[in-house]
Amino acid sequence: MNVRAAAAKVVYQVVDQGQSLSNALPAAQQDIRERDHALLQEICYGVLRWLPRLESVTNQLMDKPLKGKQRVFHHLILVGLYQLGYMRIPAHAAVAETVNATKDLKKPQLRGLVNAILRNYQRQQESLDEQSLSHDAGRYGHPGWLLKLLKQGYPEQFESVIEANNTKAPMWLRVNRRHHSRDEYRELLNAEGISTDLHPEAQDALRLHSPCDVSKLPGFADGWVSVQDAAAQLSVEYLAPQAGELILDCCAAPGGKTAHIMERQPEAQVVAIDCDEQRLARVHDNLQRLKLDAKVLCADARYPDQWWQGEQFDRILLDAPCSATGVIRRHPDIKWLRRADDIEALAQLQAEIVDAMWQQLKPGGTLVYATCSITPQENSEQVKAFLGRTDDAELTGSDIEQPGRQILPGEHDMDGFYYAVIRKAL
């Protein structure tokens, strides 16, 4: 399939049908040449990153919107505009290939319309682009409800958070210390001409100066290294697993943190649960590649009596279901799939899970509450409420007035993440 046609279908599936980019993109990649996979990803990510600007330009250039079966061609126009406005593809090639996509999308009679709109954009680009920045959604590339939330939560850091969200994410590696130390593996990368930076806190993390295919990483297939953002790697630093402990990784899919716990502490017994059977397949795949053995259960964390009859856990890592507003730079579709009222519903779910998990923690044990969100309702306010209703919960490492640690997107080039360490009184 023509790459632009595939991109139009992916954007249509995300924006109009509510599918996640993580599902739509890999499926579309099956229909195109392997060498075009990176191009398809770049176009889809870019359109979703700057969707309000592209929509504004399209609306100015069209007399009436495309609807029904023609709706995918609206998104094809967005694909063409993104190439002309943001990519280094020669304009003539971008226009020609986008127009040709009408054939693969089964309506070649619309090629004239697509061609005319893209040509008109070229002629009026400066004024059209200026107009697309005249409203906050276009200027910042975020929906209004999310802009409001970010301004309220982070009035001083608001613009830096937005900028980080709209920047391509770096590639972080997690070195498996069962095979090499971080410094030893860094030398292996240097020998391959792959340059890296260290992280000041995440002891196993390396950031690549330029992302590369995992097949180029020494020993990837043998489990020497994994791809994982440094902020997610901090979970094991806060959890501090010890030999002989029984540890639960709650809401564990796709399994990166489960594996990291076992890499860091081989003598711990680890149980990993998630309620999504399909995502649990990723946990099994990761553990198999890394040659690690954890007890993996498909389970709802709110109802532990249904899946756990063993002793209480020494440590629990609760990576709670969340809005994922901290990882927008990796998943730009989050901006358009989430809604304002999702936050309250997620906060309620998180409260139910943390209460249930607390009952599974031994006295003297440690629970690490984590999300990849940056909304206070899901993070500091959630922890404050839990501490207020739980007599035997003791916050450690932070102040009760500002509980936990909120990492904002871009801090040390990390994703947005939240951590709070809570100890159960003896």
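In what order do the 4 strands of the open sheet run? The order is β2-β3-β1-β4, and the pairing is antiparallel. Two strands pair if DSSP finds at least two bridges between them. Helices (H or I, at least four residues) and strands (E, at least two) are DSSP runs, numbered from the N terminus. The edge strands, β2 (196-198) and β4 (225-227), each pair on one side only.

A word on the model. It is predicted, so local features need pLDDT of at least 70 and side-chain atom pairs count only at pLDDT 80 or more, while totals for chains, interfaces and linings use all residues. Residues are numbered from 1 along each chain as its sequence is written, and side-chain values use heavy atoms, with hydrogens and water left out.

Back to the sheet. Strands β1 (residues 172-175) and β3 (residues 205-208) pair in the antiparallel sense over 3 bridges. In β3, A205 is the bridge partner of R174. Helix α11 (residues 182-191) packs on the sheet and touches β1, β2, β3 and β4. Contact here means heavy atoms within 4.5 Å. The direction of α11 makes about 25° with that of β3. Axes are lines fitted to C-alpha atoms, for helices over the stretch in contact, and angles run from 0 to 180 degrees between N-to-C directions.

The annotation comes from UniProt, from an unreviewed entry, and its residues include P254 and D274. Such annotations may be inferred rather than shown by experiment.

Is D274 buried or exposed? D274 is buried, at 6% relative accessibility. Buried means under 20% relative accessible area, exposed over 50%, and partly exposed in between (1.4 Å probe, protein chains only). D274 is in strand β6 (residues 269-274). A polar atom of the D274 side chain lies 3.2 Å from the backbone nitrogen of A253.

P254 is in the loop between β5 (246-250) and α13 (256-264). P254 is partly exposed, at 28% relative accessible area. Leaving aside neighbours within four places in sequence, P254 is in contact with R279, R282, V283 and N286.

Last, the N-terminal helix. Helix α1 (residues 3-15) has 13 residues. N2 caps its N-terminal end: a side-chain oxygen lies 2.7 Å from the backbone nitrogen of R4. Among the buried residues of α1 are V3, V10, V11 and V14. What covers the buried residues of α1 includes α2 (21-29), α3 (37-49) and α5 (71-86).

Terms used
Expected span 1.5 Å × (residues − 1). Polar contact = N/O pair within 3.5 Å; in protein donor to acceptor, adjacent residues only side chain to side chain.
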